Amino acid sequence: MPVLYKTIQSTKENKDGAKLFHPRVVHTGTIGTAQLAKEIAEYSSLSTGDVKNTIDNMVTVMTKHLHSSESVTVDGLGTFGIIMRSKGKGVATSDEVRAAQALLLVRFTPSFTKNQDRTVATRALITGVKCVPYNKDAAASGGGSGNGSGGNGSGDGNQGENPLG
């Protein structure tokens, strides 16, 4: 199944005063742990319950390590780490800095491999994805993801060739 996108117009003007158009992903649903465990079990010799228990334990162990200021790398997936994002204004001296001045967030960085010329060869979860324009009329009638334009983006917002595909 392809990644769906729709055309969005920027709310901010560029330096020439134009509000440009950009593609944005359309999310069509959310898969929970139970469904994920069921589908993983189909690829393995484990039961759905075994897989769900493993996922639950993975979250527990990852949380423990993230809370200890460690990053967690899952081979073939990527790296998780806690970052701080400052909220509001800074303070005048380093002695005044407090954790309460920041929000804690988990940052995920997908894993990737590089070619010999140092260009990115693969990026976890993204390499090989196909993008097609979202057609809400087709989706509402159960017609799926495409709009019959061949997936090159030319049928949506006069964008020409799909910049993502």
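Here is a quick tour of two spots in this structure, which is a predicted model.

**The spot around S69**

Let's start with S69, which sits in the loop that links α2 (48-67) to β3 (72-74). S69 is not a glycine, yet its phi is positive, at about 65°. The residue is also exposed, because its relative accessible area is 74% and the cut-off for that word is over 50%. Look along the chain as well: I82 is 13 residues away from S69, and the C-alpha atoms of the two are separated by 7.0 Å.

**The pair in α2**

Now for helix α2 itself, which holds both K52 and D56. Side chains of opposite charge can pair when their charged atoms come close. Here the side chains of K52 and D56 meet in a salt bridge, with 2.8 Å from N to O. The two residues are 4 residues apart, or about one turn of the helix. By the rule used, the count of salt bridges comes to 1.

How do these residues compare with the solvent cut-offs? The table puts their accessibility side by side.

| Residue | Relative accessibility | Class |
|---|---|---|
| S69 | 74% | exposed |
| K52 | 32% | partly exposed |
| D56 | 32% | partly exposed |

So K52 counts as partly exposed at 32%, and D56 is partly exposed at 32% too, since that class lies between under 20% and over 50%.

Terms used
Residues numbered from 1 in each chain as written. Predicted model: local features only at pLDDT ≥ 70, side-chain atom pairs only at ≥ 80, totals over all residues. Heavy atoms only, no water. Buried < 20%, exposed > 50% of the residue type's maximum accessible area, 1.4 Å probe, protein only. Salt bridge = Lys/Arg side-chain N within 4 Å of Asp/Glu carboxyl O.
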